[in-house]
Amino acid sequence: MISSFPKLLNATLITLKLLSVSLVVGLILGILFSIMRINKNPIINKFAYGYSYFFRGTPLLVQIFIIYFGLGQLEFIRSSFLWIFLKEPYWCAIIAFSLNTGAYTSEILRSAFETIKPGLIEAGKSLGIQSKIIFFKIQIPIAIRQSLPAYGNEIILMLKGTSLASTVTLMDLTGVAKYIISTTFKPIEVFIVAGGIYLFLTFLIHNFIKFLEKKYSF
Amino acid sequence: MEFLAFGKTGWGDELFIATLMTLAVSITAILIGFLFALIFTPLKLSKNKFLNLIANCYTTVIRGVPELLVIYLFFFGGSGAVMFVASIFGYNDYIEINAFITGSFAIGIISGAYSTEVFRGAIQSIDKGQFEASKVLGLKKPIHFFKVIMPQMLRLAIPNLSNVWQITLKDTSLISVTGLVEIMRQSYIAAGSTRDPLFFYSFAAVLYLLLTFLSMKFINRLEIKYSKGY
């Protein structure tokens, strides 16, 4: 039990790397798609809706498998520059996670945008502020504050989601845990250590979000 | 399209059976989850600190640990645990547990943690007057629970239970690592033998979308049924 601890801690670094990179990319995607969702143009709107419907309606495992096993089958992808990324399981996992968390984030932000009272925007307009500035200085800060609790949940879901990287040969925390279980055949001990690390990370994320919520409460 | 033909030439019938298997595992798992919720929701709401702690441990641990890790625990540890219990009763042969049972049990425990939270929230948001009124009327405990609390709780819980159902349905894809032939596993086999992973995994995605779409339609109807009079 104790001897497996350093190995699992090392693997935690990979889990954290996967989590942080995909969260950053996912957040950018989420912001873009949530803006598209509140756009009045039906084509842009439907496209963003379709994106979020697909990624929220299918299991993350399917998405990883399509990207890792599926895309390599297309000749034009293998001959393009994309192949540099798509042949590595690490980047495939990151692409899948980013697209997945992007879909959830866009939904969270969209509902936050919709809960902003129209009076605030009208007030900005009647003061003669440009609509660009209204968007960046009024709508976005309020939407971010509104969506913090839901986004905290999404981070925790994504932390658990990174465990699926082990299915495409990446040795993240779950991957190493599975390897140790199948070589030592001590499932309960390894589960306690690996599960404990995950719980500790969840605890940290939870408290960090709580701290942000307090800091930006109004 | 010839990939999807029924019979010996295509994978249509195999994928159809696999879809039914996914549905069967999901339904078994969510029912097991309800059983767990039935045990742990009263513990969560009880005034006893110790019982509270047990229920909180269950929901926190299960919701904070990846589903895949829980499945590995059951997959590798399940038969060991059963054999240990059997050895107490003097049975020492090797016992192998069916992948369906381990899988639906693992997903069921996960789904139970989410259901517990949903039921707790729903019961807590029922007006206190309802509890007091049924006490004043002298209703017996079972009648109080099944005729007064349960119908109101269901109305409040159904929208969130539909989320739990979606999570459970998607989690069943993870059971494929244990070798149970559901949609993911069947697509994996088909992709391996035809060397066309893109087609089969995309088709798996379509099957999951279909399942989530149809179940949402069904749940919306339930929602309308239970919110009559509101």
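Q: Where is A:Thr169 found?
A: A:Thr169 sits in the loop between helix 8 (131–161) and helix 9 of chain A. Helices are DSSP runs of H or I with at least four residues, strands are runs of E with at least two, and both are numbered from the N terminus. This is a predicted model, in which local features need pLDDT of at least 70 and side-chain atom pairs count only at pLDDT 80 or more, while totals for chains, interfaces and linings use all residues. Residues are numbered from 1 along each chain as its sequence is written, and chains are lettered from A and ligands numbered from 1 in the order in which they are written.

Q: What about its phi?
A: A:Thr169 is not a glycine, yet its phi is positive, about 70 degrees. In general, most residues other than glycine have a negative phi.

Q: Is A:Thr169 buried or exposed?
A: A:Thr169 counts as exposed because it has 11 C-beta neighbours inside 10 Å. The scale calls a residue buried with 20 or more other C-beta atoms within 10 Å of its own, exposed with 12 or fewer, and partly exposed in between, with C-beta atoms placed from the backbone.

Q: How far apart are B:Ile183 and B:Ala204?
A: B:Ile183 and B:Ala204 are 21 residues apart in sequence and 6.3 Å apart in space, C-alpha to C-alpha. B:Ile183 counts as buried because it has 26 C-beta neighbours inside 10 Å. Residues up to four places away in sequence aside, B:Ile183 also touches B:Ala18, B:Thr19, B:Thr22, B:Ser173, B:Leu207 and B:Tyr208.

Q: And what is B:Ala204 in contact with?
A: Besides B:Ile183, B:Ala204 is in contact with A:Val62, B:Met184 and B:Ser187, leaving aside neighbours within four places in sequence.

Q: What covers the buried residues of helix 8 of chain B?
A: The cover includes helix 2 (42–57) and helix 3 (60–70) of chain A, together with helix 1 (12–45), helix 6 (141–171) and helix 7 (183–194) of chain B.

Q: Changing topic: which residues have the most contacts inside the largest nonpolar core?
A: Those are A:Ile64, B:Ile71 and B:Ala204, in a core of 98 residues. Helix 6 (residues 89–115) of chain A gives the most to this core, with 11 residues. A nonpolar core is a set of buried Ala, Val, Leu, Ile, Met, Phe, Trp, Tyr and Cys residues joined through C-beta atoms within 7 Å.

Q: How many residues of the two chains are in contact?
A: 27 residues of chain B are in contact with 31 residues of chain A. Helix 8 of chain B supplies the largest share of the side of chain B that touches chain A, 9 residues.

Q: At what angle do helix 9 of chain A and helix 3 of chain B pack?
A: Helix 9 (residues 173–184) of chain A and helix 3 (residues 67–88) of chain B pack at about 5 degrees, with their axes 10 Å apart. That makes helix 9 of chain A roughly parallel to helix 3 of chain B. A:Thr174, A:Ala177, A:Lys178, A:Ile181 and A:Ser182 meet B:Leu68, B:Leu69, B:Tyr72 and B:Phe76 there.

Q: What does the secondary structure of chain B come to?
A: Chain B has 8 helices and 0 strands. Of its 230 residues, 37% count as buried.

Definitions and conventions:
Contact = placed C-beta atoms within 7 Å. Axes fitted to C-alpha atoms, helices over the stretch in contact; angles between N-to-C directions. Parallel < 35°, antiparallel > 145°, perpendicular 65-115°, else oblique.
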